[in-house]
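Morning, everyone. I have one structure to go through today, and I will keep to what can be read off the coordinates.

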Amino acid sequence: MALVVQKYGGSSVADAESVKRVARRIVETKKAGNDVVVVVSAMGDTTDELIDLAASISPLPPPRELDVLLSSGERISMAVLAMAIANLGYTAESFTGSQAGVVTDENHGVARVMDVTPGRIEACVRDGKIAIVAGFQGVSRTSKNITTLGRGGSDLTAVALAAAMRAQVCEIYTDVDGVFTADPRIVPSARRIPVLSTEETLEMAANGAKILHLRCVEYARNYQIPIHVRSSFSHKEGTRITDQHPEGEAVEAPVIAGVAHDRSEAKITVVDVPDRPGYAAKIFEIVAQTDANIDMIVQNVSAVETGKTDISFTLPTKDADRVVKALDHHKATIGFRSLIFDDAIGKLSLVGAGMRTHQGVSATLFKALADADINIQMISTSEIRLSVVTSEDQLNDAVRAVHTAFNLDSSEGEAVVYGGTGR
């Protein structure tokens, strides 16, 4: 028998009828002769609603108690899904993250998986049952407290279990028919990508593509777990995340795999920094002390008459307030004139392993943006990625213009988004 780990997102189990549909799909996999372990997210927008509830009660809820609250959404999903499977004549048992052996560190809200000891899950499968595991959660190795893995953490739960149990594949079920060349909600003509390398998937996830959790892809790469992204609303083939074709031949990457976008970043500009050795180091040492993650950095050419320059960088919007406060506190030490904060920005990223060996990618990108009258604020590159920052209100137009310029539009009709609110 093959062991298949399946993960179903919140839009796939949004209501009672959706739960029944997912149960039928799981039973089909079991009937085909597979052992099945299922990881499930909270129903619909339950997690967001629980966050809103906590915020209405306390502006700063204790992280331990917030994790206890948020983990309840997945426990509801696992129980009702096990009930739906029982109605179809099959036995399923539900397990919390702790019961499934997902052991984490103590960082509430963004816990990292330290170990997976799936003894109870393996016993369940050996008995011929279907195991249903609550995603997004685990238990601290030290305090034994409930922890959560961060938004999208159910993907990570699924891949971690697949690695620990040596599953043949980890299937990630969502509300679209795989990974597309752009977000179908913004670019209806986006094309499904049949096969995507782990390297390209990592870049797309890191730059705003929300189809897979970044840490999930990293974990899968480290343990060589094949991922199959599919829709729970259809039986289309989806997208395989692998560095090998099913036949074993190496993947020949297209020039451009897709266009990712991100609205979750802000830009800080430090104005009139002395352009002498050590001043940039002072700035980013202070930023590092706030535990903020810096993305893009640009330093302007020094003004000859003043010997000063401007340094701009982007970071997650959620980290920006404490970084601004920290820099402002050290203003006299650094010697800058002022800070400019802008959270109305968007990042567009062009991703493709084929970019390494093809010229003209930058020229095509910049011409497409110029023709669409879109101004570029910052630029960053890697071997397989080219990112630009634009104003947030121009981001959708930028994505569509670049997608068309690289001939990524589908000729087979519009991509289908089956469910989800996008919240």
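Predicted model: local features only at pLDDT ≥ 70, side-chain atom pairs only at ≥ 80, totals over all residues.

Start with helix 4, residues 72-87. With 16 residues at 1.5 Å a residue, helix 4 should span 22 Å, and its end C-alpha atoms are 23 Å apart, so the two agree. Which residues of helix 4 are buried? They are Ser72, Gly73, Glu74, Ser77, Met78, Leu81, Ala82, Ala84 and Ile85. As background for that spacing, an α-helix has 3.6 residues a turn, so residues three or four places apart point the same way. Just after helix 4 comes Gly89, with a positive phi of about 90°.

Next, helix 6, residues 153-164. The same check applies here. Twelve residues at 1.5 Å each should give a span of 16 Å, and the end C-alpha atoms of helix 6 lie 17 Å apart, which agrees. How many of the twelve residues of helix 6 are buried? Eleven are, so helix 6 is largely enclosed by the rest of the structure.

Now the strand. Strand 14 covers residues 265-274, and nine of its ten residues are buried, so strand 14 too is largely enclosed by the rest of the structure. Which way does strand 14 run relative to strand 16, parallel or antiparallel? The two are antiparallel, and eight bridges join them. Strand 16 is residues 308-316, and within it Thr314 is the bridge partner of Lys267. Strand 14 is also joined to strand 17, residues 338-342, by five bridges, and that pair is antiparallel as well. There, Val270 stands opposite Leu339.

The structure holds one cavity of 30 Å³ or more. The largest cavity has about 40 Å³ of space in it. What lines the largest cavity? Its lining consists of Val179, Leu196, Thr201, Met204, Ala205, Ala209, Ile211 and Leu212. Helix 7, residues 198-206, gives the most to that lining, with three residues. By class, the lining has seven nonpolar residues, one polar residue and no charged ones.

Val179 from that lining also turns up in a contact. The side chain of Thr239 reaches the backbone nitrogen of Val179 at 2.9 Å. Thr239 lies in strand 12, residues 239-241. Its relative accessible area is 0%, against a cut-off of 20%, so Thr239 is buried.

Last, the region around helix 13, residues 395-405. His403 sits in helix 13 and counts as buried because its relative accessibility is 0%. Its side chain makes a polar contact, at 2.5 Å, with the side chain of Asp409. Asn407 is in the segment after helix 13. Is Asn407 buried or exposed? It is exposed, with a relative accessible area of 65%. For a sense of scale, Asn407 and Leu53 are 354 residues apart in sequence and 45 Å apart in space, C-alpha to C-alpha.

That is what I had; questions are welcome.

Key. Residues numbered from 1 in each chain as written. Heavy atoms only, no water. Buried < 20%, exposed > 50% of the residue type's maximum accessible area, 1.4 Å probe, protein only. Helix = DSSP H or I, 4+ residues; strand = E, 2+ residues; numbered from the N terminus. Pairing = 2+ DSSP bridges. Expected span 1.5 Å × (residues − 1). 1 Å grid on protein atoms, 1.4 Å probe; cavity = no way out; pocket = protein on both sides within 12 Å on 5 of 7 lines; lining within 4 Å. Points joined across faces, edges and corners; volume = space filled by probe spheres on them. Nonpolar A, V, L, I, M, F, W, Y, C, P; charged D, E, K, R; others polar. Polar contact = N/O pair within 3.5 Å; in protein donor to acceptor, adjacent residues only side chain to side chain.
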